[in-house]
Amino acid sequence: MTPTTTPLQRALRQAPDRTLAAQARPEQEFFCFKVGELRFGVPSENVTEVLRAGLLTPLPRTPSFIMGVTGHRGQVLPVVDLLRFLSKGEARIGPRTRIFVGVSGSYVSGVVADTVLGLRRVPVSEILPPPLGGDAAAEHLLGVVHGGTPHDGLNLLNFSKLLQTARQRAVVR
Amino acid sequence: MSREGTVNGVADDRSAEELGEVDILFFQIGDSEYGTDASQVLRIDRALPDDLTVRELGLPHRGLRAIVFDTPEGEGHLKVDAVNGVRSVALAVLRRMPAAVAAASYAVGICLDEVSRKPVLLIDLAETLKTQGRH
Amino acid sequence: MSLESPNDKPAAKSRGAKKSPGAKAGAPEANAVDPLKPFTDTLMSVLSGNLNARVPHDRVQADPTGFGHLLNQVLEQFSSAEHRKQVAAQEIDQALDSLIILVREGDLSRWNTSTEDPQLGPLLEGFGKVIETLRIFVREINEAALRLSSSANQVLAASTQHETSSTEQAAAIHETTATMEELKHASAQIAENAGSVARVAEETLGAARAGRGAIGEFIQAMQQIRSDGVAVADSISKLSKRVERIGTVVEVIDEIADRSDLLALNAALEGSRAGEAGKGFSIVAAEMRRLAENVLESTKEIKNLITEIREATAAAAGAADASKHATESGEKLGAVAAQAVEGILAGVQETSDAARVINLATQQQRTATEQVVASMAEIEDVTRQTTQASKQATGAAAELTQLAGRLAELIKRFKAD
């Protein structure tokens, strides 16, 4: 005489009391955005704020990746075009274009983003090293994440290094 | 790439320090607005064909006006489209040029005046002449 | 002549030979010795024709009685009487000869016989007068015959002419009759055609009236469409304004959503910086951001819709405008058509009237033509008779001419001058 139980009853007996805590595996949070056809991720600790791209004041005789300056919270922010910086084309500023405020140490800079994808937690295990023998852009990448589709992948930027290089390039001139 | 902590301009001009503000002459070249130290300006004149134009500031539309300024070498004439006026601007809204940006030498600072729609580049007129001399 | 009595000749001969028996008889009887014998001889001689025989002179003187003398006187008287008788006879003969010649030769001109004889004179004079009268007659008859001949010729010519004319006239009349017959048929045809025209015109009139009604309805419909079109244009304009308003509202919503998006993003960043404590905050912020994005997507759709509506309303406005123009020109065309139909109506009415008049006129004409044909038949008949008569007249005239010729010929035998 075996007591008969339904599949649902069996399932409920095994169900947890609360949502299972995330498995203790290391994750990193990235601020993800799109510029041109490229998708980037910047460690979220490097991003303080997102702004609308207002009117920029162009500066004479600056490197072309510096689109100009903008005032934000009483601060003059240089605005960087990542596409020009990485020699991947050139960004255009439209009505929905965003500028995120990136910080690294004592350096602050605005960066043009066409679309902000949002904050995304990426398991460290999924971060793959940047492809070897890549172009100059590769040296500023932490790594890449392959998404489900070819359009879902992310290029994770080493933002501190990027700012440093930018500063060097500007001053060297 | 401006270094934090250099937000406030250091007052090294006594009169400015005393007044807490400085007179800026705003002018228009093409679609861009610029500002310059009003005390540097001798007068506004009609533009002459030989008057100075600085390409990096943009090309004037018609360039009917000239800002006449004093330099050790004599008068300098900068061709502009319009003079928007002179305003006393509080030191609090003036910023030095972020050093890392390494712009042209005549681009000396930014005015974050609320009146303007966007940051206004501040120009040293005498420096523009030097630049032109180099070219 | 053959009936002449055998005594006539000897009588006539005896008259011619009167003298000879007398002269011959005298001699044989002279032998008698009788006292009376000289007287008897003389008488015998006279009786035998010697009218000159007289009682010889000696005897007379010898005769105391005077008988011889007396006898001689008697004989003298007798001889003279005889002589006179002979002369008269001669003259009568002459006159008879003249008459015979006259009768034989018809020559009246040669009558000039005259006489001393007081007894014959009046007779010959009477003859002369008769002959003179005859001569005048002949002369006149001659002239008349000549004239008659000439006139007869003229009559013949005229008659012949008339006959020809009459024949021609008959032909012409015949032809005319035929033509009139044709005319009769033609007018009958015309009357029929005019009847058809009148019928067709009547039908056309009906159709044109129907057309006028239809055009009236068309114009009314056009006016209705135009006023509807005005209402539509009004509605479109209102719709357009409302859509613009919606657009403004959507812009505001968009702005709010955009700000919300930014706020949510920055809140998420804030939450991220707060570490574990900010996690819930980040989740809310992400949710809020999704909401804002949904709103933005919706507003985008709305904007697309507005754009479509704008285009559609612009097209509708354009269509309404075009419709307005079309209906206006439709109304104008309708008015023109109405005018044209009025013209057609008037024209058809006229045609109908005219056709009726033609029908009537041709019917009258047909009647008249029939009368003419009848008259022509009569005329033809008369003309035929005329021709007949004319032919007879020509015949008569020819005969007359012949007769006149003959008369002239006859008259020619008499010579009046």
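Where in chain A is the place of A:Ala53?

1. Basis of the note. This is a predicted model, in which local features need pLDDT of at least 70, side-chain atom pairs count only at pLDDT 80 or more, and totals for chains, interfaces and linings use all residues. Residues are numbered from 1 along each chain as its sequence is written, while chains are lettered from A and ligands numbered from 1 in the order in which they are written.

2. A:Ala53. This residue sits in the loop between strand S3 (47–52) and strand S4 (66–72) of chain A. Helices (H or I, at least four residues) and strands (E, at least two) are DSSP runs, numbered from the N terminus. A:Ala53 is buried, because 20 other C-beta atoms lie within 10 Å. A residue counts as buried with 20 or more other C-beta atoms within 10 Å of its own, as exposed with 12 or fewer, and as partly exposed in between; C-beta atoms are placed from the backbone.

3. Surroundings of A:Ala53. Neighbours within four places in sequence aside, A:Ala53 is in contact with A:Ile93, A:Thr97, A:Arg98, A:Ile99 and A:Val112. Contact is taken as C-beta atoms, placed from the backbone, within 7 Å. A:Val79, 26 residues away along the chain, has its C-alpha atom 9.5 Å from that of A:Ala53.

4. Strand pairing in chain A. Strand S1 (residues 27–35) and strand S2 (residues 38–43) of chain A run antiparallel and are joined by six bridges; two strands pair if DSSP finds at least two bridges between them. A:Phe33 has A:Phe40 in S2(A) as its bridge partner. The two strands S1(A) and S2(A) form a hairpin with two residues between them, and A:Gly36 in the turn has a positive phi of about 65°. S2(A) also pairs, in the parallel sense and over two bridges, with strand S10 (residues 154–157) of chain A.

5. Chain A against chain C. Ten residues of chain A are in contact with nine residues of chain C. On the chain A side, S3 and strand S8 (115–123) are the elements that give two or more residues. S3(A) supplies the largest share, five residues.

6. Chain C overall. Chain C has seven helices and zero strands. Of its 417 residues, 18% count as buried. Among the contacts in chain C with a separation of 6 or more, 79% are between residues 24 or more positions apart.

7. Helix H5 of chain C. Why does the distance between the ends of helix H5 (residues 67–105) of chain C agree with its length? At 1.5 Å a residue, its 39 residues should span 57 Å, and its end C-alpha atoms are 54 Å apart, which agrees. The expected span is 1.5 Å times one less than the number of residues. The buried residues of H5(C) include C:Gly68, C:Leu71 and C:Ala95. Their cover includes helix H3 (37–47), helix H4 (57–62) and helix H6 (120–273) of chain C. After H5(C) comes C:Gly106, with a positive phi near 70°.

8. Chain B. An open sheet of six strands has the order S7-S2-S3-S10-S9-S8 (chain B), with mixed pairing. Strand S7 (82–90) and strand S8 (94–96) of chain B are its edge strands, each pairing on one side only. Strand S9 (residues 107–111) and strand S10 (residues 120–123) of chain B run antiparallel, joined by four bridges. B:Ala107 has B:Ile123 in S10(B) as its bridge partner.

9. Confidence in chain B. The average pLDDT (the predictor's confidence in each residue, from 0 to 100) of chain B is 81, and 81% of the residues score at least 70. Residues 2–13 of chain B have pLDDT below 50, and this stretch has 16 contacts in the model beyond near neighbours in sequence.

Note on methods: Contact = placed C-beta atoms within 7 Å.
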